[in-house]
Structures are given as structure tokens and as C-alpha cells.
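Here is a short report on one protein chain.

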Amino acid sequence: MLKIDHLKKNYNSFSLDCSLEVLPGCVTGLIGQNGAGKSTTFKAILGLISNDGGSVTLLGKDLGAINTKDKEKLGVVLSNSGFSGHLTIKDTIPILSHLFHHFDKDFFLEQAKKFGLPLSKEIKEFSTGMKAKLKVLVAISHGAKLLILDEPTAGLDVIARDELLGILRDFMERDENHAILISSHISSDLETLCDDLYMIHEGEIVFHEDTDVLLSDYALLKVTDEQFLSLDKQYVQRYKRESYGYRCLTNQRQYFVENYPKIAIEK
Amino acid sequence: MTGLLIKDFKLLRIQKTFFLLIVFISVAQLAFSDDPTFVVGYMSFVMTLFTLSSISYDEFDNGNAFLFSLPITRRGYVREKYVFGIILGGGSWALSSIAVAISQLVKSNALTIDLFVAVFVILPLIIIVLAIMLPFQLKFGGEKGRIAIIGTVGIIFILCFLIAKIAQASNIDFIAFLNNLPTLGIGTLLFIVFILSTLLLLLSYKISVAIMNKKEF
């Protein structure tokens with residue numbers, strides 16, 4: 001569906017070098033702090049910014065060969081951009097029907113009603129949750145095969161977040177070849193939805209793992225200085241000094257559960 | 001392109017109070033003024049300028065990023081803005097011309113050749129305004145675009161002044177040249193100006209496409 005190979009983008013104080021892959025039928029999460037390079041990666045995938053190196057293969061094509069027909073197969077949510085706030089949902093219907101050949105007006109209206117989105121109110125008057133739902137609704141209403149969602153849950157309360165994640169699960173159930181690339185800086189959003197997770201930090205992918213493995217095998221060990229000294233470090237991937245001693249990340253949780261029954265292990 | 005045109009026409013609705021004001025001023029002019037062509041120029045230029053507003057609306061709140069993630073191309077976007085400008089400028093020109101003709105007939109005034117010339121000369125002027133303004137607006141955006149346009153007009157004035165000075169110094173007689181122009185016939189002259197302005201618009205379109213291709217959102 002999507003393959004990024006050493007995609008590079010250089011700004012004065014920031015450099016991106018990102019590689020990741022989204023497979024058909026999979027939800028892939030991209031997690032990172034604000035400013036880590038998530039949005040830059042998304043913009044580069046969508047051709048909104050030029051690349052300084054590397055390659056992007058989207059829907060089996062090189063990014064440069066993507067045409068408007070291919071773009072119809074993408075559903076896009078950008079965190080800081082959307083339809084003009086002066087438009088209403090009613091206004092967007094003829095716009096979307098002319099831009100997307102497979103725009104499903106009935107589905108769009110039905111879902112808008114379900115989410116309680118007013119049709120004749122200007123979008124700028126919407127609450128953050130309503131705006132977020134509208135963005136996702138637009139992305140899933142035209143027969144997209146791949147959703148590219150940059151921070152779709154940003155600024156939402158827990159209930160609205162769950163509702164939105166529910167919409168995405170429905171999208172995945174509709175076709176086994178559907179796929180989603182989703183970013184967030186809230187890891188709990190992603191661990192319930194994603195099949196695999198990438199972590200981006202200062203423009204580079206520092207971590208990639210299947211969510212199942214991450215949840216079953218990874219753990220945080222909280223140890224005192226003495227415990228740390230006696231700890232078998234071969235399964236410790238990273239550690240950090242804390243006030244109580246050390247915090248260690250491992251991908252062999254079971255090993256520590258069995259061999260170090262006294263240390264605190266957090267999932 | 002139709003989708004984008006619909007978007008721009010929907011966004012025009014924001015300015016509806018302003019439109020009513022323009023129509024009111026135009027009707028008042030038609031009713032009370034002796035110079036009916038003012039209405040054609042006024043309506044056409046003001047409406048043409050709304051094309052620039054539509055670019056500002058697209059840019060507002062980083063809206064372009066989302067817009068260009070939709071199935072449109074940068075070239076398609078530029079083409080739509082030119083078509084939108086022509087529809088607005090040309091449409092308001094045609095409507096106001098008809099309004100002028102009707103008002104003249106109502107007032108029992110004759111539709112003179114001079115009136116036709118005065119109305120038709122506005123059309124290439126609208127095209128020239130579009131050709132100059134659109135690349136500036138696309139390159140610099142709303143606020144900076146206006147400053148850039150003012151700067152360019154200033155430079156054009158200085159250039160014209162310099163050319164005139166050089167011509168004077170080299171004894172080239174522009175006045176004689178201009179005096180000979182009417183021998184071409186006013187119809188031919190208007191036609192030439194129209195063709196030249198259209199060529200300028202095509203060149204402007206090419207420049208705008210190049211500007212948009214370089215933009216990052």
C-alpha cells in the first residue's frame with residue numbers, strides 16, 4: 001500500500017530520514033512527540049512538500065506518478081488543515097461529489113446524522129470533536145483504500161476519541177485490503193487500533209514492532225541502584241536514570257518475571 | 001475543476017453584503033449618472049478582484065494543505081483560478097453591459113459607437129488585471145501580494161518614464177505614432193488589444209503554474 005524508503009527532508013533546524021511500510025489489511029501507527037517529524041512525513045507522502053531524497057511508493061506507484069485517479073483512493077486527514085470554515089457540510093457535498101467519482105452521498109449524510117453533525121452550520125462554528133469527526137467522515141466517504149490520518153484524535157475527549165476509533169475499525173472491516181496509516185502523540189489511542197507501530201524521534205524511526213509483541217513481550221522495569229547492578233543487561237534495550245534508581249525497557253518481559261521476582265515490572 | 005469552482009462560488013456567499021452594496025451603487029450610477037460606462041468598469045473590476053479573495057480563503061488556516069491532498073493537481077488549481085476570474089470578470093462585464101444598454105434605452109438615449117467602444121475596451125483591461133494580479137497573489141499570498149503589486153506598478157511607472165525620457169533624448173516621436181493609430185480603425189485596434197491581452201493571460205497562466213509547482217504546504 002505504502003512504502004517509504006529513507007525519505008529525506010531538510011529544514012534549517014530539522015532533518016527527516018524516515019522509512020516505513022503500510023501493508024494491505026493493516027493499521028500502522030506512527031507515534032512521536034510534537035515536532036518529531038510525523039506531519040512532515042505525511043506531507044511528503046501526499047506530495048505537499050518536495051523530498052530531498054529517498055523514495056515513496058504509494059498504491060504501487062512512485063510518488064511522482066500519482067495522478068488524480070490514484071488520489072481518489074486516499075482518504076486524508078491533516079491535523080491542522082481542512083475545508084474552509086466558511087463552508088457548511090451541505091456546501092461540501094457538491095464539491096466532494098465532483099472531486100470524487102465514488103463519493104457516497106447517502107452514506108455521508110447518514111453518518112453525519114449519526115454523529116450529530118449539523119448540515120447547515122458553518123464549519124468554523126463546530127466544536128473540536130465535530131470538526132475531527134467531519135474530517136474523518138470525508139476521508140471514508142469516497143471509497144478510499146488507504147487512509148492517511150495525521151493526528152485525527154488531537155484535542156478530543158475520551159468519548160469522542162473512542163467514537164472516532166470505532167469509525168476507523170468499521171472502515172477496516174468493510175474490506176480486508178483496506179489500510180490505515182495513523183499518527184498520534186497519544187500511545188493508548190494507537191495500541192488498541194494498530195497492528196504495528198513505528199516510533200519517530202527527531203526525524204528518525206527509532207522503533208518498529210507489532211502491537212501484539214509490544215504488548216505481550218515488552219515491559220518497563222523499575223529498579224533500584226543495587227537491583228540495576230545485578231540485572232542481566234543483555235535483554236535491556238534502553239535505560240534511564242530516575243530518582244528511585246533506573247527505568248529499563250525490555251522486550252523479554254517473561255525472562256524478568258521468572259528470574260527477578262522482586263523488581264517492579266510494568267506492562 | 002468543477003468541484004473547485006463550486007467551492008469558490010460557495011465562498012463568494014460570505015461577501016453577499018458587499019455584493020448588494022456594489023449592485024446598489026451600480027443601479028444608482030445607472031439611474032443618475034451621465035456616464036453609464038463607469039458601471040461596467042466598476043462592476044467588472046470589483047468582481048474580478050474576488051478571484052484574489054478566493055485565493056486568500058484557500059490559504060487561510062493552512063487550508064491549502066488539505067485542498068491539495070484532494071484529487072486535484074497544482075496545474076488544475078491554477079487553471080480553475082483563471083477560469084473563475086474569467087467567469088467573474090467576463091460575467092459581470094456582460095451583465096453590466098446589458099444593464100447599461102437597457103438603461104440607455106429606458107432613458108431613450110441612442111446606443112452610440114462611442115459607448116460600444118468605451119464598454120468593449122474594459123474587457124481587455126480586465127484580462128490584463130487578471131494576468132498581472134493572479135501570479136502575484138499565488139506567489140506572495142494576500143498581504144504580501146498587495147505590497148508586491150504596488151511595488152511592481154511603481155517599477156512599471158518608472159520604466160515608462162525612463163523609456164519616454166530616452167525616446168525624447170533620441171528624438172523618437174511617440175505622439176506621431178499614437179496619432180497614426182486611429183487610421184487602423186477602432187475595431188481593429190480593439191481586436192489587437194484583445195488578442196495581446198489574451199496572450200498576456202496565457203503567459204501569466206504559465207508563470208502561475210510554475211509558481212504553484214514550487215510551493216510547499
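Helix axes are lines fitted to C-alpha atoms over the stretch in contact, and angles run from 0 to 180 degrees between N-to-C directions. The model is predicted.

**Helix pair**

In chain A, the axes of helix 5 (residues 128–140) and helix 6 (residues 158–174) come within 10 Å. They cross at roughly 5 degrees. Angles under 35 degrees count as roughly parallel, and helix 5 and helix 6 of chain A are therefore roughly parallel to each other. The residues in contact are listed below.

| Element | Contact residues |
|---|---|
| Helix 5 of chain A | Gly129(A), Ala132(A), Lys133(A), Val136(A), Ile140(A) |
| Helix 6 of chain A | Ala160(A), Leu164(A), Ile167(A), Phe171(A) |

By class, this contact between helix 5 and helix 6 of chain A has 7 nonpolar, 1 polar and 1 charged residues.

**Annotated domain**

An unreviewed UniProt entry annotates residues 2–227 of chain A as "domain: ABC transporter". The span is 35% helix and 29% strand. The end C-alpha atoms of residues 2–227 of chain A lie 44 Å apart.

**Sheet**

Chain A also has an open sheet of 4 strands, in the order 12-13-11-14. Pairing is antiparallel. Strand 12 (236–242) and strand 14 (264–266) of chain A each have a single partner strand, so one side of each lacks a neighbour in the sheet. From one strand to the next, the twist averages 25 degrees.

Strand 12 of chain A pairs with strand 13 (residues 245–250) of chain A over 6 bridges, in the antiparallel sense. Tyr239(A) stands opposite Cys248(A), which lies in strand 13 of chain A.

How values were computed:
Residues are numbered from 1 along each chain as its sequence is written. Chains are lettered from A and ligands numbered from 1 in the order in which they are written. This is a predicted model: local features need pLDDT of at least 70, side-chain atom pairs count only at pLDDT 80 or more; totals for chains, interfaces and linings use all residues. Two strands pair if DSSP finds at least two bridges between them. Helices (H or I, at least four residues) and strands (E, at least two) are DSSP runs, numbered from the N terminus. UniProt positions are given in the numbering used here, feature names are shortened, and annotations may be inferred rather than shown by experiment. Angles under 35 degrees count as roughly parallel, over 145 as roughly antiparallel, 65 to 115 as roughly perpendicular and the rest as oblique. Two residues are in contact if their C-beta atoms, placed from the backbone, lie within 7 Å. Ala, Val, Leu, Ile, Met, Phe, Trp, Tyr, Cys and Pro count as nonpolar, Asp, Glu, Lys and Arg as charged, and the others, Gly among them, as polar.
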